[in-house]
Amino acid sequence: MNIVYLNGEYLPADKAKISVFDRGFLFGDSVYEVIPFYQGVGFRLTEHLARLEYSLRALQIQTCQDWEAILNLLVSQNGGGNLSVYLQITRGAGDSRSHRYGDDLSPTVFACCTPIKDIYTAGPDDIVPMKVIVTADLRWHRCDVKSTCLLPNIMVVHQAQAQDADEALMMRDGKLTEGSSCNVFIVLQGVIYTPKRGSEILGGTTRELIMQLADEHAIPSQEVDIDYEMLKTADEVWISSSTRGVVPVIEIDGDQVGDGEKGPLWSTMFELFIRYQQKLMTGE
Ligand code: PLP
């Protein structure tokens, strides 16, 4: 059964109801996280919860809850296993629609689960490389906040779909930012490059892990501005996100990336991911 969490209760999804005046629904006045659980255990849960607190602080949504306990119970109520957990916190519901809000609102907390594949036990041959398009970044200038105002993200991924691609990478002022729901990396002559962290991109937990693993294994990596030319001449391009891990891109705007195959540095990074995951799960 699909059990969801809503404001302190665990209940079947079709029994969960929120107010029509909820500010998340009316204004996108809310933040969220998507956290993979493998074999019932949260993957980089601490990092996700730290980012959640950052987003809540940025929007001044005040709530203090034991997120870990809430999510762990939700996962066990849904049978554990491999699940993607969605957690959304809205500023709450007033008694009418108004841009203004008082400090008397009680945040709405909603969480649900979706089954996912364990990409780390699947192995590199099961990872399907992606085709992407590049398009304009029409989002606001606080992309470091994981808010649910996702209309531009939805529009670009729809554009990608219409062009038979899997993802859309975005550019602002001539610089690559990120994908509709992922960060982006390129490899040039053995060096990993990724756009600089700041308010124009989300500080991805998987992005952080890639940088950490590169550091630990002496693979050169750098945060830089990446223009279209640099992107199109890269030897390898990858995207990263919590539920997808690190995925090679083999086509950009209809042109092949490198030799059109999963790249050697991607294979190394994927292997490092698997080892990191095994260590987390077994403690070895
Ligand atoms: N950038 C955007 C816009 C995203 O929506 C996401 C994930 O949803 C990411 C990057 C990757 O973040 P993470 O690796 O923490 O999943």
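1. A crossing counts as left-handed if the near helix is turned anticlockwise from the far one by less than a right angle, and as right-handed if clockwise. By that rule, α2 and α3 cross in the right-handed sense. Helices (H or I, at least four residues) and strands (E, at least two) are DSSP runs, numbered from the N terminus.

2. The model is predicted: local features need pLDDT of at least 70, side-chain atom pairs count only at pLDDT 80 or more, and totals for chains, interfaces and linings use all residues. Residues are numbered from 1 along each chain as its sequence is written, and side-chain values use heavy atoms, with hydrogens and water left out.

3. Helix α2 spans residues 45–58 and helix α3 residues 67–77. They pack at an angle of about 125°, with axes 11 Å apart. Axes are lines fitted to C-alpha atoms, for helices over the stretch in contact, and angles run from 0 to 180 degrees between N-to-C directions. The pair is therefore oblique. Under 35 degrees counts as roughly parallel, over 145 as roughly antiparallel, 65 to 115 as roughly perpendicular and the rest as oblique.

4. Which residues make the contact of α2 and α3? From α2 come L45, L49, L52, E53 and L56; from α3 come W67, E68 and L71. Contact means heavy atoms within 4.5 Å. The residues of this contact are six nonpolar, no polar and two charged. Here Ala, Val, Leu, Ile, Met, Phe, Trp, Tyr, Cys and Pro count as nonpolar, Asp, Glu, Lys and Arg as charged, and the others, Gly among them, as polar.

5. The axes of α6 (residues 205–216) and α8 (residues 264–282) come within 10 Å and cross at roughly 100°. That makes α6 roughly perpendicular to α8. T206, L209, I210, Q212, L213 and A214 of α6 meet M269, L272, F273 and Y276 of α8. This contact has eight nonpolar residues, two polar and no charged.

6. H48 sits in helix α2. Is H48 buried or exposed? H48 is buried, at a relative accessible area of 0%. Buried means under 20% relative accessible area, exposed over 50%, and partly exposed in between (1.4 Å probe, protein chains only). Leaving aside residues up to four places away in sequence, H48 touches E33, V34, I35, P36, F43, T205 and S242.

7. L11 belongs to strand β2 (residues 9–12). L11 counts as buried at 13% relative accessibility. Beyond residues up to four places away in sequence, L11 touches N2, I3, V4, L6 and A16.

8. N78, in the loop between α3 and β5 (83–90), is buried at 19%. S19, between β2 and α1 (23–27), is partly exposed at 32%.

9. Backbone check. D173 is not a glycine, yet has a positive phi of about 50°. D173 lies in the loop between β8 (167–172) and β9 (175–179) and is exposed at 71%. A218, also not a glycine, has a positive phi near 55°. A218 is in the loop between α6 and β12 (221–223) and is exposed at 68%.
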